[in-house]
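Subject: Structure handover

Hello,

Please find the structure below.

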Amino acid sequence: MTSTDPIADFTTRIRNAQKAGHASFKVPASRIKLKIAEILRDEGYLGDVAQEGTGPTRKLVVHLKYDKERVGVIDGIQRVSTPGMRVYRGHDDLAEVRGGMGMAILSTNKGLMTDKQARAEKVGGELLLRVW
């Protein structure tokens with residue numbers, strides 16, 4: 001079954017897998033989901049990210065991170081821009097997420113990047129999601 005909003009589906013799968021205490025989960029692969037997962041991995045919110053399979057049946061395998069008490073590293077993940085209501089921000093309009101304790105992911109003309117990278121490169125774009 002196809003999803004109208006694959007990014008929202010991906011964030012919901014992250015939330016649900018973490019609440020259930022799973023070590024990893026699989027999701028149908030796409031370039032944007034892979035890039036989002038890689039950014040979250042690089043920022044320390046997710047563990048390893050890998051693809052398995054080829055062609056249209058490719059799956060993205062995402063490993064979650066937990067602290068010593070088995071509490072998920074991601075406190076919250078929120079989809080901002082949706083297919084029904086796009087949200088765009090310039091680099092000077094990007095507010096810090098949770099007072100700098102979180103991050104936002106933007107889709108810019110230079111590709112997907114964090115809000116910190118967008119401010120540094122002085123580019124704006126579509127505000128996809130916030131993570132804290």
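Which residue just after H2 takes a positive phi? Glycine 44 does, at about 90°.

Before the rest, some notes on the source. This is a predicted model, in which local features need pLDDT of at least 70 and side-chain atom pairs count only at pLDDT 80 or more, while totals for chains, interfaces and linings use all residues. Residues are numbered from 1 along each chain as its sequence is written, and side-chain values use heavy atoms, with hydrogens and water left out. The labels H and S stand for helices (DSSP runs of H or I, at least four residues) and strands (runs of E, at least two), numbered from the N terminus.

The three-stranded sheet

An open sheet is formed by three strands in the order S1-S3-S2, with antiparallel pairing. Two strands count as paired if DSSP finds at least two bridges between them. Strand S1 (24–28) and strand S2 (46–52) are the edge strands, each pairing on one side only. From one strand to the next, the twist averages 20°.

Five bridges link S1 to strand S3 (residues 59–64) in the antiparallel sense. Along this pair, proline 28 stands opposite lysine 59, and valine 27 stands opposite leucine 60. S1 has a covered face, made of Phe25 and Val27, and an uncovered face, made of Ser24, Lys26 and Pro28.

The helices on the sheet

Helix H1 (residues 6–20) lies across S1 and S3 and runs at about 160° to S1. Helix H2 (residues 31–42) packs on the sheet as well, where it touches S1, S2 and S3, and its direction makes about 150° with that of S2. Such angles run from 0 to 180 degrees between N-to-C directions, and the axes are lines fitted to C-alpha atoms, for helices over the stretch in contact.

H1 has 15 residues and reaches 21 Å from its first C-alpha to its last, close to the 21 Å expected at 1.5 Å a residue. The expected span is 1.5 Å times one less than the number of residues. For the 12 residues of H2, the end C-alpha atoms are 16 Å apart, which agrees with the 16 Å that they should span.

An α-helix has 3.6 residues a turn, so residues three or four places apart point the same way.

In H2 the buried residues are Lys33, Leu34, Ile36, Ala37, Ile39 and Leu40.

The cores

A nonpolar core here is a set of buried Ala, Val, Leu, Ile, Met, Phe, Trp, Tyr and Cys residues joined through side-chain atoms within 4.5 Å. The largest one has 27 residues, and those with the most contacts inside it are Phe10, Leu40 and Leu60. H1, S1, H2, S2, S3, S6 and S8 each supply at least two of its residues. The largest share, five residues, comes from H2.

Leaving aside neighbours within four places in sequence, leucine 40 is in contact (heavy atoms within 4.5 Å) with residues including Ile14, Tyr45, Ile77 and Val131. A second, separate core of 10 residues includes Val87, Leu94, Met113 and Leu127.

Strand S6 (residues 103–108) and strand S7 (residues 111–114) run antiparallel and are joined by four bridges. A hairpin of two residues connects S6 to S7, and serine 107 stands opposite leucine 112.

Aspartate 115 is in helix H3 (residues 115–121). Is aspartate 115 buried or exposed? Aspartate 115 is buried, with a relative accessible area of 2%. Beyond its neighbours within four places in sequence, aspartate 115 is in contact with Leu94, Ala95, Val97, Met103, Ala104 and Leu106.

Two arginines with positive phi

Most residues other than glycine have a negative phi. Arginine 70, in the loop between S3 and S4, has a positive phi of about 65°. Arginine 98, in the loop between strand S5 (88–89) and S6, has a positive phi of about 50°. Arginine 98 is exposed, with a relative accessible area of 54%.

Regards

Technical notes. Buried < 20%, exposed > 50% of the residue type's maximum accessible area, 1.4 Å probe, protein only.
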